[in-house]
Structure formats: structure tokens, C-alpha cells
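Trainee: I am new to this structure. Can we go through it step by step?

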Amino acid sequence: MPEITCSAQKCAYNTKGYCERENIRIDVDDCSDYNGCTCCDSFVDRERCSDKSGCSCTNCAGDQAEVECFATDCIYNENMECSADYISVEGSGAGCTTDTFCDTFRTKHG
């Protein structure tokens, strides 16, 4: 299971720069620059979330997270799961899913 760092400070799952969600989903948008088209589909704005909705998490995943990945053109994608040992989700000013991206993504055709 990969360690997931995250610069999306507004995400409800971000705890001191690490993702604490048990599973995340990396998705892709249709665009010509595939490297810039990944996003963390599990991003939830901290301000729009409450503990009651189940989107706040403290120490519930750590390095045990599962990563579902729809970036089929990534070298780390193995049967829709990420095989990287370390994942970096970026989006320091993110306010929504599409403001994030997987910095670990590496194209198979690059």
C-alpha cells in the first residue's frame, strides 16, 4: 500500500500533508495534455464537510491506503490500481477535485 502525501490543504482528509483516507480514486479528464489531466476524485472540501457525513478521518489509513486509478496510461497502473510505493497528490490551492492532480503519474508513452 502506498504512502500518500497531499498538498491540498483544504481537503477534509489531509492531515499534516498526508492523506488519511482509507482509499482514494485517481481519475482523468479528457484533454490533450494527459500529464495535466489526472485528479484526486476523493477530494472533499473541509469547509463543506462535517464529521457526521463520514468525510473526516484521523489516523484511519496512513500507509494502508488503497488507490483506485483510472489513469490507464500511467506506468504505475496495474489493473486499475496504483502500484507506486509513494503517491503525491498536489493542489495547494484546491477548492474542488479538478484543482488537484497526481504528481506521481508517469505516462507509458513518454
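Trainee: How many helices and how many strands does the protein have?

Mentor: This is a predicted model. Read along the sequence, the pattern is β-β-β-β-β-β-β-β-β-β. The count is zero helices and ten strands.

Trainee: What percentage of the residues count as buried?

Mentor: A residue is called buried when its relative accessible area is under 20%. The protein has 110 residues, and the share that counts as buried is 41%.

Trainee: Which residues gather with Glu 66 in a patch of negative charge on the surface?

Mentor: Glu 66 is the bridge partner of Asn 23 in E6. Glu 66 also belongs to a surface patch of negative charge. The residues that gather there with Glu 66 are Glu 22, Glu 68, Glu 78 and Glu 81.

Trainee: Why does Glu 81 count as exposed, and what is its relative accessible area?

Mentor: Glu 81 lies in strand E8, residues 81–82. Exposed means a relative accessible area over 50%. Glu 81 is exposed because its relative accessible area is 52%.

Trainee: Is Phe 105 buried or exposed?

Mentor: Phe 105 is found in the segment after strand E10, residues 101–102. Its relative accessible area is 5%. The limit for buried is under 20%, so Phe 105 is buried.

Trainee: How far apart in space are Phe 105 and Ala 71?

Mentor: In sequence, Phe 105 and Ala 71 are 34 residues apart. In space, from C-alpha to C-alpha, the distance between them is 8.0 Å.

Trainee: Where is Gly 91, and is Gly 91 buried or exposed?

Mentor: Gly 91 is placed in the loop between strand E9, residues 86–90, and E10. Its relative accessibility is 9%. Because buried means under 20%, Gly 91 counts as buried.

Trainee: What is the distance in space between Gly 91 and Lys 10?

Mentor: Gly 91 and Lys 10 are 81 residues apart in sequence. Taken from C-alpha to C-alpha, their distance in space is 9.1 Å.

Terms used: Residues are numbered from 1 along each chain as its sequence is written. This is a predicted model: local features need pLDDT of at least 70, side-chain atom pairs count only at pLDDT 80 or more; totals for chains, interfaces and linings use all residues. Side-chain values use heavy atoms; hydrogens and water are left out. Patches are made of residues with over 30% relative accessible area and no salt bridge: like charges are joined within 9 Å, nonpolar side chains (Val, Leu, Ile, Met, Phe, Trp, Tyr) within 5 Å. Accessible areas come from the Shrake-Rupley method with a 1.4 Å probe; for residues, only the protein chains shown count as cover. A salt bridge is a side-chain nitrogen of Lys or Arg within 4 Å of a carboxyl oxygen of Asp or Glu. Lys and Arg count as positive and Asp and Glu as negative; His and the chain ends are not counted. The place of a charge is taken as NZ of Lys, CZ of Arg, CG of Asp or CD of Glu. Helices (H or I, at least four residues) and strands (E, at least two) are DSSP runs, numbered from the N terminus. Buried means under 20% relative accessible area, exposed over 50%, partly exposed in between (1.4 Å probe, protein chains only). Two strands pair if DSSP finds at least two bridges between them.
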